[in-house]
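Please read it with the model open.

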Amino acid sequence: MPDPIIYVDADACPVKAEAEKVADRLGLVVVFVSNGGLRPSRDPMIRHVVVSKSADAADDWIVENAKPNDIVVTADIPLAARTVALGAHVLGMTGKPFTHETIGMAVAMRDLKQHLRETGESKGYNAGFTPQDRSRFLGALDQTARKAKAFAESAAKDAAG
């Protein structure tokens, strides 16, 4: 089994530098997927994929390319649900994991909040991104990536003999 790849839903992503740091430390590839506007890197382990500007183009690309044991970083709940179903490890921007056990509630809460915004019951303000969120994300991504890499190495050993 190959090493996991870290896929980042990169439009408006506040943790790109943290994803690069973890990927570099563990020797993993990180793929930033966006509708454009990212500065390319000279690092061969950092890849940029620019998709069309259509609403779900980045999500669709990630779903088409992510495999079980890969890592997906996103704040997009529908994308999280689609990639959890693939067997990927999925983290929100604050380090919150989305799992088979938690994704249903996350989808339901997203739908409820959307309904409340549409009916005027809620203004829909999002909390600001804090230094604690950044630190929590960094720790969660490091832990998730280490587990995924160890799983890939163990699976490769099992397959070899």
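Five salt bridges turn up in a search of the whole structure. A salt bridge here is a side-chain nitrogen of Lys or Arg within 4 Å of a carboxyl oxygen of Asp or Glu. This is a predicted model: local features need pLDDT of at least 70, side-chain atom pairs count only at pLDDT 80 or more, and totals for chains, interfaces and linings use all residues. Residues are numbered from 1 along each chain as its sequence is written, and side-chain values use heavy atoms, with hydrogens and water left out.

Side chains of opposite charge can pair when their charged atoms come close. The table lists pairs from the search.

| Salt bridge | N to O distance |
|---|---|
| R134 and E18 | 3.1 Å |
| D60 and R82 | 2.9 Å |
| D142 and R146 | 2.8 Å |

Secondary structure follows DSSP runs, numbered from the N terminus: helices are H or I with at least four residues, strands are E with at least two. For accessibility, buried means under 20% relative accessible area, exposed over 50%, and partly exposed in between (1.4 Å probe, protein chains only).

R134 and E18 form a salt bridge. The pair links distant parts of the chain: R134 is in helix α5 and E18 in helix α1, 116 residues apart. E18 is buried at 10%, while R134 is partly exposed at 32%.

D60 pairs with R82. D60 sits in helix α2 (residues 57-65) and R82 in helix α3 (residues 77-86), so the bridge ties together parts 22 residues apart in sequence. D60 is partly exposed at 29%. R82 is partly exposed at 35%.

D142 and R146 both belong to helix α5, four residues apart, about one turn of the helix. D142 is buried at 16%; R146 is partly exposed at 42%. Shared partners join R25, D142 and R146 into one salt-bridge network.

Now the spaces. On a 1 Å grid over the protein atoms alone, a cavity is a set of points where a 1.4 Å probe fits but cannot get out; a pocket is an open set with protein on both sides within 12 Å along at least five of seven lines; lining residues have an atom within 4 Å of a point.

One cavity of 30 Å³ or more is found. The largest cavity has a volume of about 30 Å³. Its lining includes E20, D24 and D43. Helix α1 (residues 16-26) gives the largest share of that lining, three residues.

The second largest pocket holds about 210 Å³. It has 13 lining residues, with H89, V90, P97, T99 and T144 nearest its centre.

Notes:
Points joined across faces, edges and corners; volume = space filled by probe spheres on them.
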